[in-house]
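Subject: Structure handover

Hi,

Here is the structure I promised to pass on. Have a look at it first, and then read on for what turned up.

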Amino acid sequence: MKVLAIDDQQLVLLPLEKRLLELGYEVKIETDASKGLELYDSFSPDLVIVDINMPGVSGLDVVKHIRNTKNSDTPIMILSGNTKDDTITEAFELGINDYMKKPLSLNEICARVKRLIGVPQIDNAIHSKSNVMIQQRCVGVVIPCYDEEERLLSDEFLNFVDENSGYHLCFVNDGSKDKTLEVLHELQKGREDFITVYDCEKNGGKAEAVRLGMLHMAKKDDLDYIGFLDADLSTDLSDFDDLVKTIENSDFKIVSGSRISRMGANITKESARKIISLTINFIIRKILKMDFKDTQCGAKIFSKDVIDIAFSEKFVTQWIFDVEIFKRMTIHFGLKKAKAMLCEQPLKRWIHADGSKLSMKDSVKIVGQLAQIAWVYRSKKSNLKTIRSLKVA
């Protein structure tokens, strides 16, 4: 029994392919719909699973090709995040057999496949259940790492990427002096399609590690959103996923985690660090002219179309590049529009991790770095105003 799956996002296809192969089906996957049509002719599948929203040739075009051009009654299942009634109606009128709306479980997809074409009679087929959910969006996560050999929580990352389709983790080794790079390559082994290791030979600091990782991930066509997260998982992956859900169901361009103490949340900080954080935050709000509660949380998610604006240029500072990101958005879009694009979302959990690279002495230095940001970006804003006035003239 042969299944052809066509979707422009490889991160959706890979877990589906793996599960169907385990059940005994012969499977071909394709991210280019035009090549998928060629594969349909040569592969002669018993079932076609196709997405709707794809560049160039759409899922409905694939259905028309099979039903009208080929005059074939091959069973067709739509697997899509498109929930518009007119699209679903048109798909059924064209002759599809089933319409599955993302997100949904891999178990349900497989149950629907079995109902349509039956189950292969193969002795070594794996019939256990899967915990994987097929999502309607694909997300890249950059995790900067410097001397994380002892602290890297490998099992947590592996379990998350195994159970959450649509995620691609990019670990950036920031010139570590210990065996961090070896640990990362071991973590990646066997999951190369879901985990990338980006190696910086020299230590450039967290800001540069994040920037290079974000720009590297932006080159991947199948990602909708890209964010970054601290390697110590002081903000855990489930909380990060909540940030992703917010951005995908809104018009926000950036959703930033916030370590605000509130009922029902587990937020811990060292008392001295908390006092310094409040002082720094007051200065940041004055610089940004925004009522941010916490710009420095190491968990943020970005719409792909603002990555270049936020990360194309090197940052002025090493530790408070988050402030620079928001300042760049303000300069590019204007304060009012930038405010509408940014969302600060309280976390359910944030735990101060032992071994943090940011010392109390560094915290004090941040005040000086904030003054540097205020000066540099005031100059950038003035230069931009000059350029715009010259264009108008």
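Asn71 counts as exposed, because its relative accessibility is 67%; exposed means over 50% relative accessible area, buried under 20%, and partly exposed in between (1.4 Å probe, protein chains only). You'll find Asn71 in the loop between helix H3 (59–69) and strand S4 (76–80). Helices (H or I, at least four residues) and strands (E, at least two) are DSSP runs, numbered from the N terminus. Asn71 isn't a glycine, yet its phi is positive, about 50°.

Before you go further: this is a predicted model, where local features need pLDDT of at least 70 and side-chain atom pairs count only at pLDDT 80 or more, while totals for chains, interfaces and linings use all residues. Residues are numbered from 1 along each chain as its sequence is written, and side-chain values use heavy atoms, with hydrogens and water left out.

Back to the backbone. Leu233 has a positive phi too, near 55°, and is a residue other than glycine. Leu233 sits in the loop between strand S11 (225–229) and helix H9 (237–248), and it counts as buried because its relative accessibility is 5%. There is also a cis peptide bond between Lys102 and Pro103, with omega about -5°. Pro103 belongs to the loop between strand S5 (98–101) and strand S6 (104–105).

Now the charges. How many salt bridges does the structure hold? The count is 19, where a salt bridge is a side-chain nitrogen of Lys or Arg within 4 Å of a carboxyl oxygen of Asp or Glu. Here are some to click on:

- Glu208 and Arg211 are joined by a salt bridge, 2.9 Å from N to O. Both are in helix H8 (residues 206–217), 3 residues apart, or about one turn of the helix. Glu208 counts as buried at 16% relative accessibility, and Arg211 does at 7%.
- Lys300 pairs with Asp322 in a salt bridge of 2.8 Å, N to O. Lys300 is in strand S14 (residues 299–303) and Asp322 in helix H12 (residues 321–333), so this pair ties together parts that are 22 residues apart in sequence. Lys300 and Asp322 are both buried.
- Arg328 and Glu324 form a salt bridge whose closest N and O atoms are 4.0 Å apart. About one helical turn separates Arg328 from Glu324, as they are 4 residues apart in helix H12. Both Arg328 and Glu324 are buried.
- Asp98, Glu108, Arg112 and Arg115 are linked by salt bridges into a network.

On the surface, Asp85, Asp86, Glu90 and Glu93 come together as a patch of negative charge. Such a patch is made of residues with over 30% relative accessible area and no salt bridge, with like charges joined within 9 Å. Asp and Glu count as negative, and Lys and Arg as positive, with His and the chain ends not counted; a charge is placed at CG of Asp, CD of Glu, NZ of Lys or CZ of Arg. The areas come from the Shrake-Rupley method with a 1.4 Å probe, and for residues only the protein chains shown count as cover. Glu93 is part of helix H4 (residues 85–94) and is exposed, at a relative accessible area of 67%.

On to the rings: there are 7 aromatic pairs. Rings of Phe, Tyr and Trp (its six-membered ring) pair if their centres lie within 6.5 Å, and planes under 30 degrees apart count as stacked, over 60 as edge-to-face and the rest as tilted. One of the pairs is Phe160 with Tyr167, edge-to-face, at 4.7 Å centre to centre and 70° between the planes; Phe160 and Tyr167 are buried. The ring centres of Phe302 and Phe311 are 5.2 Å apart with planes at 70°, so that pair is edge-to-face. Phe302 and Phe311 are both buried. Ring pairs also join Phe228, Phe302, Phe311, Phe315 and Phe321 into a cluster.

Last, a C-alpha distance: Val48, in strand S3 (residues 47–50), is 9.2 Å from Val63, which is 15 residues away along the chain. Val48 is buried, with a relative accessible area of 0%.

Cheers

Technical notes. Patches are made of residues with over 30% relative accessible area and no salt bridge: like charges are joined within 9 Å, nonpolar side chains (Val, Leu, Ile, Met, Phe, Trp, Tyr) within 5 Å.
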